[in-house]
Amino acid sequence: MENNSNMPPKPDNYLVWAILSTIFCCIATGIASIIYASKVNEAYARGEYEEAQKASKNAKMWALIGAGLSVLIWIIYFAIFGFAILGGMANAGSY
Amino acid sequence: MPEAIKKISVIVFLGVLSVLAILLYFSFNPERGLLFPKCPFNTYLGIYCSGCGSQRAIHDLLHLRIKDAISHNLLFLPAMFVIGQHVTSKLGILKQESLLNHRYSPLVILGIVLLFMVLRNLKGFPFEYLAP
C-alpha cells in the first residue's frame, strides 16, 4: 500500500461473510473467517501479496463452510421438526 | 455465463431468500415452538456464543421492539448497522468508505466478539443482562 505502488489491489477478505456467519450460524467458522480476514489485511500491508491471496482463499473457504453449514442445519432441523409442527398446527388450528 | 448475469442471478437468489426469511421470522416467534434451530454451540456445550439470541433479535426487530432486540443480543443491531453501511458503500449509494475496509477492522471485530462471548457467560449483576 504505502511502499509498493505497483502492487495489485487488496484481495477480498470476506469480512461481511465472516460477521454474518458469526451472528447467524457458527461461532467457530465465523472466527476462523475473521482470523483469515485479518491475515489478508496484515499480509497485504506488509507487501506480501501472495500471502494475502492465500489468506483470502482461506477466508472465502471458511465463509462458504459457514454459509453451507447454516443452510444444512436449517434444512435438517426443518426436516425433523418442521413437518411435525406444521402437522400439529393444522390439527390444533392455533399456534 | 457472462459475469453480469451471474452477478444478477446471485443478487436475485439472495433477495428471494431474504424475503422468505423475513416473512418467516416476522410471522413466528423463535422463542416459542420448535420451528427454529437452536444454537448447536449452546445445545452441546451449554455456553452462550456471541450469535445466541440473534434469531429472537430478528423477530423483535421486525416488530420494532428495539429494547427486546438489544436484550436478546447486544451486538445484533450494531452488526446490522455495520453490514448496512458496508453494502450501501459498496453499491455506491453511500459516499463514505466501508467501515470494514479498515486495516484493523477484522482484529477489532474479533476482539469484540470474543469479549462479548466471555462476558455474557459470567454470572452476576451487569453480565446477566448480556445473556440472551
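Which residues does Val40(A) touch, not counting residues up to four places away in sequence? In this predicted model, where local features need pLDDT of at least 70, side-chain atom pairs count only at pLDDT 80 or more, and totals for chains, interfaces and linings use all residues, Val40(A) touches Pro11(A), Asn13(A), Ala52(A), Ala55(A), Ser56(A) and Ala59(A), a contact being two C-beta atoms, placed from the backbone, within 7 Å. Residues are numbered from 1 along each chain as its sequence is written, while chains are lettered from A and ligands numbered from 1 in the order in which they are written.

Val40(A) and Ala59(A) are also among the residues that touch the most other members of the largest nonpolar core, which has 39 residues; such a core is a set of buried Ala, Val, Leu, Ile, Met, Phe, Trp, Tyr and Cys residues joined through C-beta atoms within 7 Å. At least two residues each come from H1 (15-24), H2 (27-46) and H3 (49-92) of chain A and from H3 (54-62), H5 (76-90) and H6 (105-120) of chain B, and the largest share, 9 residues, is supplied by H2(A). Helices are DSSP runs of H or I with at least four residues, strands are runs of E with at least two, and both are numbered from the N terminus.

Two residues other than glycine have a positive phi, as tabulated here. A residue is buried if 20 or more other C-beta atoms, placed from the backbone, lie within 10 Å of its own, exposed if 12 or fewer, and partly exposed in between.

| Residue | Phi | C-beta neighbours within 10 Å |
|---|---|---|
| Tyr14(A) | near 55° | 27, buried |

Tyr14(A) is found in the segment before H1 of chain A, whereas Leu64(B) is in the loop between H3 and H4 (66-72) of chain B.
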